[in-house]
Amino acid sequence: MVKKRHNPGVEFQKQEQTGISPVMSRLVQKSPSLCTDLPLDNSDICTKLYLLRQLLKSCFGPTGRLKQVHNNIGGHVITTSSSSVLLPAISSSQSFINLIKTSILNHVSRFSDCGLFAAILCLSLIEQAKQSGLSFSVAIKLNKHLLGLCTGYLQQEDCGCKVKLDFCSSHNLITLARSIISSKPACVLTESEALHISKLAVHAFLLTVPCNRPGEVRLGKAVTVSVEGHPVLNSAVFPGLLVDAPDVSGIDESENMRSNPLRVVLFSASLAGDLSELGDGIFDVHPGVDTDLQILDRLLELVKQVVEDEVKLFVCQKVIHPVVQQHLKSRGVIVIERLGNPLMETLTQLTGAQPVATLHTTIPAKAYGEVRDLSIIHFGSRTMLQLHPPGESSICTMILCHRNETMLGELKVAFQKTEHVLRLTLREPSALLGGGCTETHLAAYVRHKSIQEVPETLSALGCSQAELLLGAGGFCRSLESVAAALEHDGGNSLMDLTHAHHWTHPADVMREHLDESLGFCGCGLMEGSPEQRRAYLNTNYPQFSPAPLSRDTAVQPRVLDSFAAKFNALQVAVETANLALDVRYLVQDIN
Amino acid sequence: MLACTIVNHRQHVGLQKLSALAGITHSSLGPNKMYKFIRDETSGESALACSCFRLLENLELTCGVGQLVYETVRAHQKVYGAGSGCLLFLAGAWSRAATECLQKGVPVARIISAMSEGMDVCLDVCRKCSVSTESLGAAPAESCAATSQGLGLNLLKKNTAEASQASCHLRGTRQAADKTLNASGRRKIKLSRHFYETEAEDASTATQPPRRKAPDVALVAAGLSHGYVGAMNLVIEASRLQSKNNPQDVSGSTFDVSKVATCVLPGLPEENSCVLQGCVVHVSDEQASVAHHLKEQHLKVALINGDLSDTYRHLGFKRLQAVQCVSDRVHFLSSSKAEEWTEKVLTLLLNLEVNLVVVSGIASEKVIQRCCRLHILVVEKANVSVLKALADATGAVPVTYATQLSNRCVGAGVKVAIWGDLAGRQTKPSTAVSVSTGERDGLVTAVLASCVPSKLQALEDQFWACAYRLHHALTDAVLLPGAGVTEMLCVHHLRERAERRHDAGRSGGGVQQTKAGRAANPYRGLVMNLMAEGLVDYISTVMVNAGGVSKVRARTAVSQRLKNHAENQAKFSQLSFAGEQEDGSLRCSDAPAAQVYDGMSVKQEAWRRALDLVLLVLQTDAEIITGVGPNHDAAEGDMMLL
């Protein structure tokens, strides 16, 4: 077929057919609302929940499968496995599904990481509660209780799956960063590339922490700039802010460098010389009045003041009228236009300038900001201006490079997540063991604790011992199924019966090579040995108290998860599952 | 939302789609490209596509994989201007390799790690077998260019398979001779991509002392022409003109494509194609007469970055939608505003003594006419890079509005010439003029003519492919041996690596590796062999397209060559295929060779992008299609509604 992008003829015809005449109007009777009783018994909802779980499970972890997200009319294709891209693309006809989705997305927007963990756990919990045959009210109470056990344990000092982060060494921070970066297979990174990006992420994070500032500490910002078509290893971090400046050939560097610091003015109002900010409506204009010329005159007046105030760098969020640009450049002022909204806040922070939002007053002196100096950076085909703040810098720019758009997009997402997670470590300087070890460890702990529950708690919960065991079994199986979801190539997931770490046996290794292939556990803290006893996940292994590992400082975990993100994800998952179990009716207005 | 699971684990639909898409481009590989007609059944429209990129551009690819392919190819084409066919072919070949692995039960993670390692092997081979452009320029430039053109279409008529067998019989004696002649590593290539009669290169080239010298552009270009001799000759001419104008670059070690433009002339025979200094643009007859009046003069120029009309506003300017005039009198001045503006601009141009206005957008008809009357030439639709080059050379400052013009913005020293005069033909009234600053701007334009208008696109594409190839080769300063030699070396090394690792995995080394946390990949050998198979497929397809041999014959020839190479490996340096001659006779070194070369960065990048594409599709197990209503036809395939 020959591509036909624009075919006005066809469109016109369609409009004629579907167009409703505005003159005619008729009344349509409202249809009654649709009410679904016990949504979890509805087979349609159950299939969709199952489908969603399979979809998200297959994306989980470093060997997860990718999804192509696109519309059916040849739009842009995104290839991804991260929840923050995937979930917004999913919208279901069932509001029940959307309820769960929204809850998970809210977690992702606040913590960036562990979105898939929360979603898979939540959906597993719902399924387990259904299978257990417990009444939903009991299941909800039990889930709450078991969640309490988990969160209590995670907050203990001697928690067996927690690692204190030591800010004296970057080792654990890099491990944490690498765990997140390498859990995004759509980035298609080699090991050395993943390490390079992780180191840069930690570097960028450290650059955003101010060190010599008394009083209230405000974290800076790491801005990402993506450059397509360069090898990943060319990615780099620059202190200060890089802004695109395609036309800086005329800048006389030496002259501008002399007067340090440079005065900056920042406009958030459009200087395009139009009246777009007046909004819609009809304007009455006298003939002979040239509005464009009048606005231009006003702009030139404004510029005159700016030049008199010895501003050397003129930045506008939006478009600047070419005449104004010409005028400024001829007076030696560096002009940057179309900065874009995302960079405005960062530039305000960097320069201390207050964005000017109107053209109709004189600019107060305090609205001006300063930069210490600026330099021109060429990166690939891009020319950028590097701005340094007058004081200590807590702003840096990360240039991310990748070979193609798809992978670069995912890399950018992964990098921003990492940045956020590293920031979260400042609030809670610990991390959890990754690779599924935290999940199996918690499952073993909960199983053990719930066996030992004293009668008082049982009566407080209002359930029998058998019900508790049933509920705990479902809860633990859910946790274990999350760990097992890390394996996608038909391998088996196991847990050792002393420390309850997570192990995988690849499906393709022969029986005789099994001992060799065991290697390390999911997080890399434990090494396999023949005398270790292991059980397959989701089988009836005997309950035991998982012993914390004796800390050998020489062995460092290889995979770490964010404590804050996972802690919150756990709570979100259980509470969302409880909410879903609690829904009795769905009322839908179908008009 | 619709989710459509596409993996049946052993039958990856995505990989199959990729392979099928790649299939349509088989005929666009190699020097003899075949045109393809694309016809739209419903509208009856058709398009002529002569390259992989144009083919994809004209297809309506709605599936996810198709979109991904098109995006990848477009990105590659934008930077390299060539190599899209190679990219897509290998993506197809390697997706078949991946499918076969899946069918044999190899886990996805293993395929990925082995294929990435295979890619490292191939890229390493490229680095090792590259030839510096400087080492090519041993022979005098003129004779080389002449010979290479002469050899241009001398396709090998002989049966390639027979030839290669014949040559291997003779190899023993040749090798002995080679050794005595020259023991140091020589870089020679045989098995020309176009299967020209190739002669051994002068042995003295590689043994020359490594002194820094400029590459012989003509020789480099001849090796990169890949069958487009005509287009490449234009590129060589463009490069010559450009370096002549640039005093810093007399040697011609770079070729700036951003200062090259093309101008198509439908209706003239192809022999009229030529390269001219400056920027050549179409003008109306009236403008041509102004140009005639202005020729041979040093003109003052104004550059307008935008349209030359009173209604034009700069990018980002939002017009008021509804403006009403309120007045107590009736005005009949509706056209006066435009008139006023034109008058103002003309006065300004006259005051500034501007004779030439170069506009990047379009100019209003009225302004052009008025300017013509005042002997001011207005040239429209100039490239932004042309504008920039003119600005640099003349000191003019491009402005958005003509009213911005001042003395400071006007440049001087531009000449215009009428194309017909330049080309020496007066038969037809010419409608193209060239704008040039002579020595300073480095601008060149290739004028491409053809009697068949639908062929012009192809000619333009060919020219740009050659221009980009030369540009990147001179920037890289290295070349890869072409005509399948690099690919064959990669095949050889891939197979070698496949063997080696297989053994290491079986022996005690495996335990060590597990200790290090990296289990030996038991499938490495299998995956790498399949990858090598993809490259063999590539070479033999190129042979089929080039020489009319059958696929089977081509494959036999390739595998024979590989076998020969493997057997004699001990005697060869890391560069193989040297010293063989088609007819076995010991040619004298005075016959210069028409070697075929490939660009290094373009090839490496095409391979890498191809593999990236395969890996992305391989890891994808579902398509999520957004914006599909519940009443959509859900029976379609294995779609699932969420």
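Axes here are lines fitted to C-alpha atoms, for helices over the stretch in contact, and angles run from 0 to 180 degrees between N-to-C directions. With that in hand, take helix α7 (residues 171-181) of chain A and helix α13 (residues 405-427) of chain A: the two pack at an angle of about 145°, and their axes are 9 Å apart. Keep in mind that this is a predicted model.

**Where chain B meets chain A**

- Chain B and chain A bury about 6,400 Å² between them, and 57% of that area sits on carbon and sulfur atoms.
- On the chain B side 72 residues take part, and on the chain A side 67 residues do.
- Three residues stand out in chain B: Gln619(B), Ile624(B) and Leu642(B) supply 12% of the area that chain B buries against chain A, more than any other three residues.

**Helices α7 and α13 of chain A**

- Back to the opening pair: α7(A) passes α13(A) in a right-handed crossing.
- From α7(A), the residues in the contact are Leu173(A), Leu176(A), Ala177(A), Ile180(A) and Ile181(A).
- They meet Ala414(A), Phe415(A), Lys417(A), Thr418(A), Val421(A), Leu422(A) and Thr425(A) of α13(A).
- Sorted by class, this contact of α7(A) with α13(A) has nine nonpolar, two polar and one charged residues.

**Helices α4 and α18 of chain A**

- Helix α4 (residues 95-111) of chain A packs on helix α18 (residues 563-582) of chain A at an angle of about 165°, with the axes 10 Å apart.
- Angles over 145 degrees count as roughly antiparallel, so that is the label for α4(A) against α18(A).
- The crossing of α4(A) past α18(A) is right-handed.
- On the α4(A) side you'll find Phe96(A), Leu99(A), Ile100(A), Ser103(A), Ile104(A), His107(A), Arg110(A) and Phe111(A).
- Facing them in α18(A) are Ala564(A), Ala565(A), Asn568(A), Ala569(A), Val572(A), Thr576(A), Leu579(A) and Ala580(A).
- The class count for α4(A) with α18(A) comes to 11 nonpolar, four polar and one charged residues.

**Helices α4 and α21 of chain B**

- In chain B, the axes of helix α4 (residues 84-103) and helix α21 (residues 600-619) come within 8 Å and cross at roughly 40°.
- That angle makes α4(B) oblique to α21(B).
- Here α4(B) passes α21(B) in a right-handed crossing.
- Residues of α4(B) in the contact include Leu87(B), Leu90(B), Trp94(B) and Leu102(B), while those of α21(B) include Trp607(B), Arg609(B), Leu613(B) and Leu618(B).
- The contact of α4(B) with α21(B) divides into 14 nonpolar residues, one polar and one charged.

**The four-stranded sheet of chain A**

- Four strands of chain A make an open sheet with mixed pairing, in the order β11-β10-β8-β12.
- At the edges are β11 (334-336) and β12 (369-371) of chain A; each has a single partner strand, so one side of each is left without a neighbour in the sheet.
- From one strand to the next, the twist averages 30°.
- Strand β8 (residues 262-267) of chain A runs parallel to strand β10 (residues 313-316) of chain A, and four bridges join the two.
- To find your way in, look for Val265(A), which stands opposite Phe314(A) in β10(A).

**The three-stranded sheet of chain A**

- Three strands of chain A form an open, antiparallel sheet in the order β7-β14-β13.
- The edge strands are β7 (241-244) and β13 (374-379) of chain A, each with a single partner strand, so one side of each has no neighbour in the sheet.
- On average, neighbouring strands of this sheet are turned by 35° against each other, direction ignored.
- β7(A) is joined by four bridges to strand β14 (residues 382-387) of chain A, and the two run antiparallel.
- Val243(A) stands opposite Leu385(A) in β14(A).
- Helix α12 (residues 341-351) of chain A lies across β7 and β14 of chain A, at about 130° to β7(A).

Methods. Residues numbered from 1 in each chain as written. Chains lettered and ligands numbered in written order. Predicted model: local features only at pLDDT ≥ 70, side-chain atom pairs only at ≥ 80, totals over all residues. Heavy atoms only, no water. Parallel < 35°, antiparallel > 145°, perpendicular 65-115°, else oblique. Left-handed = near helix turned anticlockwise from the far one by under 90°. Contact = heavy atoms within 4.5 Å. Nonpolar A, V, L, I, M, F, W, Y, C, P; charged D, E, K, R; others polar. Pairing = 2+ DSSP bridges. Buried area = accessible area lost by both parts, 1.4 Å probe.
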